[in-house]
Amino acid sequence: MVGLVRIQDLLKRKEEELFVGRGRELALLHGELAGDDDGWRLVHVHGPSGIGKSSLLRGLARDTGIAAVTLNGEDCRSPDQFVGQLHASLIRQGWPLPSDAAADAAALADRLNGAAGERQRLIILLDDFDASRSIWGWLREHWLPMLSVYFRVCTTGRDPLEEWQRSPGWAGLVRNLRLDPLHRHAVDRYMFARGIRDRESRDAIAHFAKGMPFALTLASDAVKQHGADALREGGMKRRLLHAVCGMLQNDVQDASEWRLLEAASVFWRFDQELMEDVSGQRLTDEAFRKFCGLPFVELSEAGGWRVADAAREWVRSDWRNRMPDAYDAYRRRAILVLQGRLAAAPADLQGRWAAELLYVHDPELLRNYGCPNLDERVWKAKVRGASVAELTSMAISPILLDETVHISCLRAIGEAEASSCSVLEVDDKPAACYAWVPLTPATRSLFELNPALRAYMTATPAQGNEVLLWTGCTLRHLDLSAFGLLLRGLFQELAGQSILLFVSFPYYADVFASLGFKRVVASDARCEDGGQLHAYRLDLRLSEPLSVQPPHTPTNSMTLQEAAALLKKALLNPHALESDPKLLRSLDQWEAIKRRMDSLESSLACAVRQAVSECLAKMGDGTEEERLQAQAIRLSYLQKIGTHEVVAARLCLSLSTYYRYLKKGFERVAHDLRRA
């Protein structure tokens, strides 16, 4: 029938319309799979769940112009399954193969090679290659080597095929292609194709999805049905977070690995030592390496590791929604540990730890506003010195002092402190500018000429290491990303100084107040247009940036074995505890015990018992060995059901194993309590 349009044609057209942002990857795949025979390579596309690997294969099958057959790894867990699935798929595409029964592997390879000259080329697309790991060796060593180079192979999976690259002869025959999140312009193209055109909705979707296609589809569906409010805090957003975290769990092996991911999501960057210090738990090197091998955990250019932006934000938000108390307790411990690192860091590293502390301190307002990867071009931007002419001519929107009061003396300040003015370049074009001006006698006298700054300059004495964050402007379409980057730079570059700023917009006032800036009410002023300017100061010269106290360090340290023996003694004879001065002094140094005494207004014995009980409860969620250690302590020292022989029999353990578990369990509890 002429002009017949089938439903599958509509579906194909819609899928093509919504397939955006992978032009570079498609061109690379086409070059690899349609290239010269001498350049034969297996191409493996890898990345976390939801990044769009399957969609890329479908796009490749549509656009490459070469015959392709697609298999799913779930259906190819044995050589016979693989051969059967491939045989059936080829018959459906018209290959001259016997249809009554599937050939064996060697016979199928021979028939394919015989037909290859007539049909030129075929691409075998194997999606979810991880699921067929059981036949990797067979494919690599037996079946694929039998094929003609006319046949090309493209696979997808979570991780790069390093095992294949290490296999003899395959080192140069495997090309790993990592899929990254979509750029913002591709995200906008997708949303326009979905009919989502208003800026507020597009910004909300982009902020939630962070370039991940699966999340982009979910968020767009929600906004289409419920409007932009669907992505604000509430039941719909919690359901979306639950869905994307469920997708991430496909790449996580077990519950303990997920708990590590939750803990790592609190940090901008982390290392094994930091995770142990904050959690109070020891991590084996093997467990940490395995965790860092997850597809959404990556090496940080600044050192350590980081969870990819999308996964970090989703996991962190989901954890905060589900377990707000546990999340907040961990975040507070993280702040204390980072404060300790900041206090101990040499001057040239203090900026880094101040920026890390800022991230963990984490006012929700700042997270929503200054997320670093809303536009990855900003994250890779360059900073250079700015000329006064540039600062006065840039067509950018002010975010601090409004233009009616600061442009008037900009030239004079630039000449007095030229090094204080900088420009942030994105794609080699100015995108933001800022000036962090040292308040010297010369600059203070110039600022006195400005009506908005006169009150502060005349009423306050000069201080050492004081700077004024005077101008701060961004291109409007990069406002969110650039402002967040400037804030982090503020803490990195100005560690050890007192920062003064004047804010005219209420929203920015909230942002800076949430970071620990204190109001300087006496220095407030009015702009020439009648608007109010609010003065704020944050003194990073103090030992307590962001209002955080350094962690307590006991003056009389003891070994882990001594601490474990101390706990045993306290639990064995709780009634005599108060009369043992040495024991009392030792336990009184443990902050975890002291806090429970203060909150419960109870005896030291009750505080010790509760603290130990809480540690045992946490161990009960761990490995089988940790659960047995906790039970051994609980039955013998808290419930006191009988002798050690009775407890060992109850737990079905030999006496030697029971004592070993008891020793390791008490050391674990002592370790956790001393770090809490």
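User: Why is F208 called buried?

Analyst: F208 has a relative accessible area of 5%, and buried means under 20% (exposed is over 50%, partly exposed lies in between; 1.4 Å probe, protein chains only). F208 therefore counts as buried. W314, at 1%, is buried by that rule too. The model is predicted, so local features need pLDDT of at least 70 and side-chain atom pairs pLDDT 80 or more, while totals for chains, interfaces and linings use all residues. Residues are numbered from 1 along each chain as its sequence is written, and side-chain values use heavy atoms, without hydrogens or water.

User: What makes F208 and W314 an aromatic pair, and of which kind?

Analyst: Rings of Phe, Tyr and Trp (its six-membered ring) pair if their centres lie within 6.5 Å; planes under 30 degrees apart are stacked, over 60 edge-to-face, and the rest tilted. The count by this rule is 17 aromatic pairs. For F208 and W314 the values are 6.2 Å and 35 degrees, which makes the pair tilted. F208 belongs to helix 9 and W314 to helix 15, so the pair ties together parts 106 residues apart in sequence. Helices (H or I, at least four residues) and strands (E, at least two) are DSSP runs, numbered from the N terminus.

User: How do you know which kind of pair Y637 and F666 form?

Analyst: Their ring centres are 4.9 Å apart and their planes stand at 85 degrees, so the pair is edge-to-face. Y637 is in helix 31 and F666 in helix 33, so parts 29 residues apart in sequence are tied together. Y637 has 6% relative accessibility and counts as buried, as does F666 at 1%.

User: Why is the charged end of R140 said to sit over the ring of W164?

Analyst: The term requires NZ of Lys or CZ of Arg within 6 Å of the ring centre and within 35 degrees of the ring normal. The charged end of R140 is 5.2 Å from the centre of the W164 ring. For R519 over Y536, the distance is 5.4 Å. W164 also belongs to an aromatic cluster with W40, F129, W136 and W170.

User: What makes strand 3 and strand 4 a pair?

Analyst: Two strands pair if DSSP finds at least two bridges between them. Strands 3 and 4 have 5 bridges, in the parallel sense, and therefore qualify. Strand 1 is joined to strand 4, also parallel, by 4 bridges.

User: How do you know whether strand 4 is covered or exposed?

Analyst: Strand 4 (residues 151-157) is mostly covered, with 7 of its 7 residues buried.
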